[in-house]
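Please open the structure in your viewer and keep the selection tool at hand.

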Amino acid sequence: MDRVGVGKEMNFLDLKFFILFMWVLVMTACIFIIFVIAPISKFQIDQNDSLSFLKTSFIQATLAVIIVGILIIVLNKFKKIYLLKKLSSKKG
Amino acid sequence: MPNFEELVIGTVIASIIAFLINLILMPSFIKFLKLKGKVVNDNHKPNKPKVPRPGGPILLLSIVIGELILYFVTGNLEIISILLTTTIAFIIGIIDDFRIMPGWFKPGALILASIPLIIFHIYDNELNVIFGSVFIPILYIPLILISIPLAGNTVNSIDVFNGVATGFMIITMFPIIISTFLFGDLEILMIEIPFLAALLGFYMFHKYPSKIFPGDSGTLLMGAMYGALAIASKSEIIAIIALLPAIMNSFLFLSSVRKIVEHRELKSRPTILNEDFTLQASKDKNAPITLVRLILLDGKLSEREIVMKIYKLATFSSSLALITILLQFIISSG
């Protein structure tokens with residue numbers, strides 16, 4: 001018992017744009033990991049020292065967590081803007 | 001190590017058996033569940049028909065038998081590791097299917113499902129991040145401990161309408177298979193095919209209108225195995241991109257509710273069921289924001305239409321994953 005045709009006029013691009021935005025965020029994070037976080041290990045003074053290796057890993061992990069935090073904040077902001085625009089366009 | 005021909009034959013046989021187990025055993029299992037009264041209302045249809053739940057046990061059986069056939073051909077211990085992860089996720093799900101558990105139970109307990117992947121060391125010490133790879137032997141372990149609960153719960157949260165979770169998994173498996181083919185091991189690719197075949201077999205019964213629901217046991221095992229395969233095939237980022245609509249759903253839900261809760265604990269529903277069995281977005285400010293609520297902001301839709309919209313979003317995110325694979329291929333070969 002389908003109501004085929006109901007809501008057919010829906011413009012679906014908006015949600016795809018949301019997903020596209022998330023994809024851009026993921027790709028940005030990947031670029032940051034490769035070009036900022038990964039090279040940190042090159043600055044490790046003694047490459048064979050396990051304590052030094054642990055310290056470097058800790059710094060890298062902290063930076064990665066900060067990046068994830070920033071991504072969540074950006075996504076949250078985007079969500080609010082998206083919902084605001086979506087709801088105001090519905091009222092209009 | 002078997003030769004290529006033996007591997008292909010093994011994979012084909014394992015896949016056919018995984019598919020057929022669902023097709024042959026599921027009708028009897030549906031009857032069995034009905035007889036035992038293990039049914040739930042399908043609330044989005046007229047007269048709220050009773051639908052058996054959970055279908056997870058037969059889905060697990062098909063995956064286990066299919067993959068064990070492959071194990072006897074290849075002797076690859078990674079298969080056992082992935083099967084253990086999948087089985088632990090299934091056990092957690094079946095507990096949640098039959099007992100009312102608190103909201104933290106599924107994400108918390110799923111950490112256990114990650115452990116076989118660490119013990120058998122199925123991960124590479126280098127994380128593939130599209131533009132290159134980073135050597136993170138220590139960081140990889142907490143990453144796995146987070147990944148499996150995330151994958152399991154993400155797939156579980158998308159299972160809101162007939163066939164969605166299984167259909168979503170089938171669509172999003174394609175980028176993983178292509179990524180494994182291009183950048184991963186052949187033996188991991190061989191593990192992915194019987195899983196896809198089992199999902200296809202299960203989909204025959206879960207698709208709209210559902211003859212059976214997977215339950216938490218079904219969705220958690222799907223998500224956990226998907227996550228395990230993504231790790232084993234070094235396709236973690238590709239998996240994240242393919243799963244974006246489901247991740248978006250979890251993110252929207254968590255950011256609006258601000259705590260981990262079960263859907264049954266919610267005081268306000270994100271959608272409203274109309275008398276004509278169409279759904280519309282709730283206007284209640286306290287209602288959680290979900291993917292379906294966003295879809296319904298543009299107007300009321302039938303259940304089948306919502307399911308199709310979610311599949312289209314899964315196809316869109318899988319296309320983005322394919323673009324990412326292409327990008328990685330160009331970078332790695334350039």
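How are α2(B) and α3(B) oriented to each other: roughly parallel or roughly antiparallel? Before answering, please note that this is a predicted model.

**First stop: a helix pair**

Select residues 56-74 of chain B for helix α2 and residues 77-98 of chain B for helix α3. Their axes lie 10 Å apart and form an angle of about 170°. Because angles over 145 degrees count as roughly antiparallel, α2(B) and α3(B) are roughly antiparallel to each other. Now display the side chains in the contact: α2(B) contributes residues including B:Leu60, B:Ile63, B:Val64 and B:Tyr71, while α3(B) contributes, among others, B:Ile80, B:Leu83, B:Phe90 and B:Ile94. Colouring the contact by class gives 13 nonpolar, four polar and one charged residues.

**Second stop: a residue in α1(B)**

Select B:Phe29, which is placed in helix α1 (residues 4-35) of chain B. Is B:Phe29 buried or exposed? B:Phe29 has a relative accessibility of 14% and so counts as buried. Apart from neighbours within four places in sequence, B:Phe29 contacts B:Pro54, B:Gly55, B:Pro57, B:Ile58 and B:Ile212. B:Pro57 also belongs to the contact between α2(B) and α3(B) visited at the previous stop.

Select residues 105-119 of chain B, which form helix α4. Buried residues of this helix include B:Phe105, B:Leu110, B:Ala113 and B:Leu117. Against which helices do the buried residues of α4(B) pack? They pack against α3, α5 and α8 of chain B. After α4(B) comes B:His121, with a positive phi near 50°.

Select helix α5 (residues 140-158) and helix α8 (residues 215-232) of chain B. The two axes are 7 Å apart, at an angle of about 140°. α5(B) and α8(B) are therefore oblique to each other, and the crossing is right-handed. On α5(B), the contact includes B:Ile144, B:Ile148, B:Ala151 and B:Gly152; on α8(B), it includes B:Leu220, B:Gly223, B:Gly227 and B:Ile231. The residues of this contact comprise ten nonpolar, seven polar and one charged.

Select B:Asn249, found in helix α10 (residues 244-257) of chain B. B:Asn249 has a relative accessible area of 8%, so this residue is buried. Leaving out residues up to four places away in sequence, B:Asn249 touches B:Ser157, B:Ile158, B:Thr290 and B:Leu291.

Select β5, β6 and β7 of chain B, which form an open sheet of three strands in the order β5-β6-β7, with antiparallel pairing. β5 (271-273) and β7 (301-302) of chain B are the edge strands; each has a single partner strand, so one side of each has no neighbour in the sheet. Two bridges join β6 (residues 278-281) of chain B to β7(B). To see a bridge pair, select B:Thr278 together with its partner in β7(B), B:Ser302.

**Last stop: chain A**

Finally, select chain A, whose secondary structure consists of two helices and zero strands. Of its 92 residues, 34% are buried. Among contacts in chain A with a separation of 6 or more, 58% are between residues 24 or more positions apart.

How values were computed. Residues are numbered from 1 along each chain as its sequence is written. Chains are lettered from A and ligands numbered from 1 in the order in which they are written. This is a predicted model: local features need pLDDT of at least 70, side-chain atom pairs count only at pLDDT 80 or more; totals for chains, interfaces and linings use all residues. Side-chain values use heavy atoms; hydrogens and water are left out. Two strands pair if DSSP finds at least two bridges between them. Helices (H or I, at least four residues) and strands (E, at least two) are DSSP runs, numbered from the N terminus. Axes are lines fitted to C-alpha atoms, for helices over the stretch in contact, and angles run from 0 to 180 degrees between N-to-C directions. Angles under 35 degrees count as roughly parallel, over 145 as roughly antiparallel, 65 to 115 as roughly perpendicular and the rest as oblique. A crossing is left-handed if the near helix is turned anticlockwise from the far one by less than a right angle, and right-handed if clockwise. Contact means heavy atoms within 4.5 Å. Ala, Val, Leu, Ile, Met, Phe, Trp, Tyr, Cys and Pro count as nonpolar, Asp, Glu, Lys and Arg as charged, and the others, Gly among them, as polar. Buried means under 20% relative accessible area, exposed over 50%, partly exposed in between (1.4 Å probe, protein chains only).
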